[in-house]
Amino acid sequence: MPLRDEWCDLARKLDWSFSYADERQVFPEALSGTPWLSAQQWRDWDEPFRSTFAEYVSTQQKKEVAFQAVAEAVGRVEDMSQLDPGWLSVVKLHMATLPLAEFAAVIGNLRAARFGRDSAWRMTSLLGALDELRHTQLPLRAMHDLVRWDEQFEWTHRLFHSNDWVAVAGRHLVDELLLGSDAIEFAIGTHFVFETGFTNLQFIGLTSMAKQVGDRLFEQMLQSIQTDEARHAQIGHPVLKKLVAHDRERAQRLVDKWFWRSFRFFAVVTGFAMDYLTPLSARRASFKEFVEEWVVDQFQSSLDELGLERPRYWQAFLDALPMYHHMLYASAYTYRATTWFDFVLPGPAEQAWLAEKYPETWPQLAPVWHNITERWRAAGPGVEWYSHGTTPVAFCNLCQLVLCGGTPSENSAVFVERAGRRHVFCSEPCRELFEAEPERYASHQGVVERILQGQAPANLLELLRYFGLTEANFGRDVTSGEYDFLRKPERG
Amino acid sequence: MAIPLYVFVRGDTLGLVVLAPETETVDDLAQRLSRAAAPRVSWNGDACVLHRGQVLRGSLTLQEAGINALDRVDLIPGGQVG
């Protein structure tokens, strides 16, 4: 065996026996996870990258140099201002959600670096924490100089601290997934489901789109992050394998839950980008096609390999795949001032593309866009309010996203009475997940609860201020209604 | 007193929360819901308010119709009832 491999195994698998504390005290179940297994039972845990700290530092240093070079060469205002305005909204959306999620992931990885049940697992989690810290810093660094040009880029930093509804929903997810979960749930929810199952949509799908639109900074950043993710995501598989062997039911339950919650999150961040904000000429495939390739096929084969069933909400996910993000985008378009990025009105060419990609659902959505388009046509350029809602929006008490489940003809919202309080959910899976662990969720104050209790204003303009938005940075239509197709009367 | 209601307008893409006076009639509520969804949905013709699976008479007040705070109310085109 080469000396490096010999040394690596010795260093990575460095466990010892405790003399003055019990193993259960050192690794309490509440933090290390259920089921609690002895160190002996975890001894065969391993992951394929087997990186040493020295190798890690050397590799990361090269990645940093490459990223800095690209940022300096093509990440200036004069470069970014050449990009398509819809694409810039993709950048603003992602650059803001990345630090929010990645910083929480630092904490989750650090918890696993202390309470993970095998030394190699702990070592890989420590590197994972360093990765996630870097992923927090990369967007903050990349967008910093752009703030003086466009204030919306400041939301790369600001979203994390705001009460914006996207931040409320994002924090609800990452607080539970990354901050509140034990080491086992973290490994399965984050590494196996979120990173292995879904982040390929971002880091591979969006990278190819970034290349198409000529955004080398975003492309380089995503590639740089993806190589880290590919490494630390490997923690998930061996933890799940161990869990399947000792508590198959819990393993399945964690996969079921985090699969559904991850899908809801990516429908916003990736669904919007792939099907609406990216210019048509740069689209390689639809969101649905990417999900079918990267999630349906690949994730399913990972589950098969482990002898697990498809997630419990698989059919609900397949039903929602061609509809949910469209419902959400049309809703968000007509509440665009509640976000920090701008929205694209799909014109005839974009709608034809969407109709081709989503033949089964687009006919139900086309009337909504027809109505929005006609309101723009009637109001004229610059009159944003005429195609903008003013009534408060309802949010799901689990995922905290807008009640956009089901179809335009049948919204799938469900209501539940519990302990004298009425809860509303966007879908059956969200209701079921809430009711499985009500103590985890019941006290959370969503946007509507805050409004009803007088903590947040009901008036939309006041609510925007509560969200942290001002006239200088709230979302608009990317052209403020200046589209060629709006100047010509619609035929037919 | 105004009460908050979860509302869903047929053809719309999301649920909304409206505040409506208990003394308001169902017909007036229908107008309110229609205005709330107007950026995305527009209908020609009558609309009906559906509450707990029943179509409500337009002349009733919300109180008379038994609509309580945080109830679900649906607005559907008149032709789609039944």
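How many strands and helices does chain B have? Chain B contains five strands and one helix (DSSP runs, numbered from the N terminus: helices are H or I with at least four residues, strands are E with at least two). The model is predicted: local features need pLDDT of at least 70 and side-chain atom pairs count only at pLDDT 80 or more, while totals for chains, interfaces and linings use all residues. Residues are numbered from 1 along each chain as its sequence is written, and chains are lettered from A and ligands numbered from 1 in the order in which they are written.

Figure 1. The elements of chain B follow the order β-β-α-β-β-β along the sequence. Its C-alpha atoms fill a box of roughly 30 × 25 × 20 Å along the principal axes. Of the 82 residues in chain B, 41% are buried (20 or more other C-beta atoms within 10 Å of the residue's own; exposed means 12 or fewer, partly exposed in between, with C-beta atoms placed from the backbone).

**Figure 2. Domain 1 and domain 3 of chain A.** Chain A is divided into domain 1 (47-314), domain 2 (322-389 + 474-492) and domain 3 (393-457), with bounds from an automatic or database domain assignment. The centres of domains 1 and 3 of chain A, taken over C-alpha atoms, are 26 Å apart. In chain A, 11 residues of domain 1 are in contact with 10 residues of domain 3 (C-beta atoms, placed from the backbone, within 7 Å). On the domain 1 side, α10 (165-179) and α14 (248-277) of chain A each supply at least two residues.

**Figure 3. The interface of chain A with chain B.** Here 29 residues of chain A are in contact with 20 residues of chain B. On the chain A side, α17 (324-333), α19 (362-379), β4 (421-425) and α22 (447-452) each supply at least two residues. The most come from α19(A), with five residues. By class, the chain A side has 18 nonpolar, nine polar and two charged residues (Ala, Val, Leu, Ile, Met, Phe, Trp, Tyr, Cys and Pro count as nonpolar; Asp, Glu, Lys and Arg as charged; the others, Gly among them, as polar).

Figure 4. Glu305(A) lies in helix α15 (residues 287-306) of chain A. Glu305(A) is exposed because 10 other C-beta atoms lie within 10 Å. The C-alpha atoms of Glu305(A) and Lys241(A) are separated by 9.6 Å, at 64 residues apart along the chain.

Conventions: Two residues are in contact if their C-beta atoms, placed from the backbone, lie within 7 Å.
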